[in-house]
Amino acid sequence: MAKCVGPVQEDACPQGSIVLCETLLVQNILKWAEIPVAGVICTQGSPLMHAALIAQNLGIPVVVMDKAAVRDMHEGQVVSIDGANGMVDTEAQAPASSPTEQRLLGHTNPITLPSGRTVEVRANIASLVEAERTRAVGADGVGLFRTEMLLEQAGRLLSIAEQEEIYRDVLRKSSGPVIFRTFDIGADKPLAFLDMPSEPNPALGTRGMRLYRTHPTLFQDQLTALYRASEVAPMSIMFPMVTTTEDWDFCRDQAKRVASTVSSSPANDVSLGVMIEVPSLGFLVPELALHGAHFASLGTNDLSQYFFATDRESDASFHSGLALLRFIHAIAASARDVQLPLGVCGGLAADVPWAILFAAMGIYSLSVPLPSVQPIKAALSRHQEYEKLVAQAIQGAHDYARIMDLLKQEGP
Ligand code: PEP
Ligand code: MG
């Protein structure tokens with residue numbers, strides 16, 4: 001919980017203030033993080049919006065409140081905000097200055113389970129500032145770099161050279177291998193400056209890799225920049241919103257074609273992978289492996305949205321559940337059968353009971369917001385009973401609830 005004295009306005013924000021704004025933009029939060037401000041209250045948006053994800057990574061609490069509820073707040077007022085629970089206390093007292101905290105890192109390597117298998121805990125990031133923090137939190141690399149946020153931040157498309165420079169820097173600064181997710185534009189991630197079709201249901205329309213067919217240069221330029229940057233370190237490229245084997249083949253072929261034209265001194269290995277975030281792809285794991293995918297990562301934010309037919313931004317109660325567990329269990333089993341490494345980079349990877357269940361299912365890598373890296377590593381290393389855990393939880397509603405309750409006690 002952060003306590004501080006206002007001002008509650010958008011333009012002037014001294015260190016330690018809480019900023020009040022309508023919509024939180026990526027470029028705002030990166031600027032305010034440098035000051036740094038103590039928190040943000042906004043009147044539009046959701047906890048899953050891009051800028052809020054970055055804020056969470058940089059340790060800045062964000063709370064979304066009704067316009068009516070903030071009407072009476074005024075500059076200089078002392079407010080206390082609790083980002084984890086979405087609470088604002090307007091009766092707060094001014095804080096006493098707190099001593100500087102020095103925290104020791106507990107786990108700086110992947111976690112070894114009692115079976116001897118290891119599970120990496122990587123970070124989800126979207127900017128160079130966050131890449132620079134991956135070492136400090138002991139992340140085993142970056143499991144998801146949301147590259148479209150670079151465009152959101154710039155407010156325009158970036159040239160190949162501009163992208164290449166950023167990707168090189170990210171590879172240099174990160175604590176381990178990086179998975180770059182190619183641009184996932186559309187639906188909850190619109191870009192105001194990009195010419196996009198107007199559709200009645202954008203979440204079901206042209207988004208993610210579907211846009212690459214209508215905007216081929218956008219995709220090819222990004223691939224060129226990524227392959228050029230791969231000179232710095234081994235890295236992975238992963239494609240969003242793949243729905244069919246044909247979608248995967250299209251992305252893979254484009255990547256291979258670009259790779260063959262980038263003739264820099266033999267680049268490091270570039271692995272190609274895919275996000276499983278459209279339910280249909282969960283039934284095509286053997287085909288993905290057969291068609292040359294090196295890895296897959298479950299994007300549980302979108303996977304649950306499409307699985308439960310419920311907007312990811314509106315109803316958090318539909319982000320998990322027995323049905324989803326059974327589905328993911330089946331996906332993990334088919335990935336094991338064909339030896340396709342399967343990770344998780346959606347929000348459920350940072351949920352302690354789910355993280356333990358993922359580890360029990362043979363998931364090799366979890367990718368979570370920066371502040372969750374150590375809590376998830378600690379929970380994985382504390383837990384000892386991985387065997388039969390999932391087999392029990394998928395039996396029925398009662399067993400699922402019982403196991404989830406049990407695992408909730410694992411903290412953090
Ligand atoms: C997801 O869908 O789970 C995911 C990790 O990607 P994003 O939240 O950026 O859509
Ligand atoms: Mg997604």
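User: This model is predicted. I want to start at the ligand. Which element gives the most to the shell around ligand 1?

Analyst: Helix H12 does, with three residues. H12 spans 300-308. H12 and strand S9 are the elements that give two or more residues to this shell.

User: Which residues come nearest to ligand 1?

Analyst: There are 14 residues around ligand 1. Arg146, Arg181, Lys189, Asn301 and Arg312 come nearest.

User: How do I read the polar contacts there?

Analyst: Look for pairs of N or O atoms within 3.5 Å. Arg181 places a polar side-chain atom 2.8 Å from an oxygen atom of ligand 1. Glu277 also uses a polar side-chain atom, at 3.1 Å from a ligand 1 oxygen. Asn301 uses a backbone N or O atom, 2.7 Å from an oxygen atom of ligand 1.

User: How much of the accessible area of ligand 1 does the protein cover?

Analyst: The protein covers 100% of it. On its own, ligand 1 has 290 Å² of accessible area. The space that ligand 1 takes is the largest cavity.

User: Back to H12. Is Ser304 buried or exposed?

Analyst: Compare its relative accessible area with the cut-off: under 20% counts as buried. Ser304 sits in H12. Its relative accessible area is 1%, so Ser304 is buried. Ser304 and Asp140 are 164 residues apart in sequence, and their C-alpha atoms are 26 Å apart.

User: Can you apply the cut-off to a charged side chain? Where is Arg252 found?

Analyst: Arg252 is in helix H9, residues 245-261. Its relative accessibility is 17%, so Arg252 counts as buried. The side chain of Arg252 also makes a polar contact of 3.4 Å with the side chain of Asp249.

User: Which strands does S8 pair with, and in what sense?

Analyst: Read the number of bridges and the direction of each pair. S7, residues 111-112, joins S8 by two bridges and runs antiparallel to it. Here Thr112 has Thr118 as its bridge partner. S15, residues 365-368, pairs with S8 in the parallel sense over four bridges. In that pair, Arg122 stands opposite Ser367. S9, residues 142-146, runs parallel to S8 and is joined by three bridges.

User: What should I check in a hairpin?

Analyst: The S7 and S8 hairpin has five residues between its strands, and Gly116 takes a positive phi near 100°. The hairpin of S5 and S6 has four residues between the strands, with Gly86 at a positive phi near 65°. S5, residues 78-82, and S6, residues 87-89, run antiparallel and share three bridges. Asp82 stands opposite Met87.

User: Which way do the side chains of S5 point?

Analyst: Val78, Ser80 and Asp82 point one way, while Val79 and Ile81 point the other way. All are buried.

User: Which residues other than glycine have a positive phi?

Analyst: Ala309 is one of them, with phi near 55°. Ala309 lies in the loop between H12 and H13. Its relative accessible area is 72%, so Ala309 is exposed. Gln339 also has a positive phi near 55°. Gln339 lies in the loop between H13 and S14. At 71% relative accessibility, Gln339 is exposed.

Methods:
Residues are numbered from 1 along each chain as its sequence is written. Chains are lettered from A and ligands numbered from 1 in the order in which they are written. This is a predicted model: local features need pLDDT of at least 70, side-chain atom pairs count only at pLDDT 80 or more; totals for chains, interfaces and linings use all residues. Side-chain values use heavy atoms; hydrogens and water are left out. Two strands pair if DSSP finds at least two bridges between them. A residue is near a molecule or strand if one of its heavy atoms lies within 4 Å of it. A polar contact is a pair of N or O atoms within 3.5 Å; within protein, one must be able to donate a hydrogen and the other to accept it, and residues adjacent in sequence count only if both atoms are side-chain atoms. Accessible areas come from the Shrake-Rupley method with a 1.4 Å probe; for residues, only the protein chains shown count as cover. On a 1 Å grid over the protein atoms alone, a cavity is a set of points where a 1.4 Å probe fits but cannot get out, and a pocket is an open set with protein on both sides within 12 Å along at least five of seven lines; lining residues have an atom within 4 Å of a point. A molecule sits in a cavity or pocket if more than half of its atoms lie within 2 Å of its grid points. Buried means under 20% relative accessible area, exposed over 50%, partly exposed in between (1.4 Å probe, protein chains only).
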